[in-house]
Amino acid sequence: LEIVVTILNMNDNSPVFKQTNLTKVVPEDTKVNATIVAREDLRATDADLDTIFYELTAIAPGTDGYFAIKGVNNPEIYLQKALDYEKFKLTTLVLYARDRPVGSTDTANTATTTINIFIEQADTKSPWFLPCTFINTENSICISSPYTGRVNISMMSTEPLILEPGPIYAIDPDYTLNEKIMYSIVGGDADEVFSVDADTGNLTMNKAATSPGSYLLQVMATQVNNIQKYSIVSVEIKVINKSDYLPYFESRIYNGTVFVGLAQRSFVFQAGDPLTPLMITAVDDDFPNV
């Protein structure tokens, strides 16, 4: 009597990953759909020769949706959404490998591997002139106000000009890179009255301004390592007449009279002259005919 015995493969082995913990450094400017971890580094094996089903989850808050796997049977991890170093700098992913599909009523064995993703800041932002004001909640866009200053007509200052709200200064907002900034005047100075120090941003004069009015300079801050990363700010320099004298009051003491019961914004009258409003006047010897 010939007896044929068939051995049924029992599901008594769990999937096994080649590595249970991986670390990857991903540049911030990585293109969407780029592979982050190759399939060969993530594929699990099963001694029972079962088909492996994969699932990827992000356990760091606020990092869902950035990384995904190619398919339920393909564990290759790719970038699904553009990264932003300001939003998060690292995340942890957990990849599950099961020998039964999700939702199956059969007993399933599961293995996991952890993938630590560190985001490397890339040179994505142009310089910011300071001070500036953030206009979005992510603090990724900062708008600066124009600089202003004054010079005396027909006089050349030998010192850096004093500006408001402060000296010309720009930074690289990709602060972990902190690329060097250089400055230049790119408009508004056809007569070449002014110069800007390429390294410090100090604004100085080459010669005196000979006519009243204003210069509206355009100053550019450029990254030394990448001239395509630049910003431009306006600098208004007003040309005024020199002031040699301080203004002063014509009298050291003014005496006035008010009457009980007067309404608000009523005139105060000169003491001893109830019909003439009190006048407080000052003069400036720089303008003797005014």
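In strand S24, Asp273 is the bridge partner of Gln270. Strands S23 (residues 269–270) and S24 (residues 273–277) run antiparallel and are joined by 2 bridges. Strands are DSSP runs (E, at least two residues), numbered from the N terminus, and two strands pair if DSSP finds at least two bridges between them. The hairpin of S23 and S24 has 2 residues between the strands, and Gly272 takes a positive phi near 85 degrees there.

This is a predicted model, in which local features need pLDDT of at least 70 and side-chain atom pairs count only at pLDDT 80 or more, while totals for chains, interfaces and linings use all residues. Residues are numbered from 1 along each chain as its sequence is written, and side-chain values use heavy atoms, with hydrogens and water left out.

Strand S13 (residues 147–152) runs antiparallel to S14 and is joined to it by 2 bridges. Thr148 stands opposite Glu164 in S14.

The protein chain is divided as follows, with bounds from an automatic or database domain assignment.

| Domain | Residues |
|---|---|
| Domain 1 | residues 15–120 |
| Domain 2 | residues 128–240 |
| Domain 3 | residues 245–289 |

The C-alpha centres of domain 2 and domain 3 lie 44 Å apart.

Ile7 is found in the segment before strand S1 (16–17).

Definitions and conventions
Helix = DSSP H or I, 4+ residues; strand = E, 2+ residues; numbered from the N terminus.
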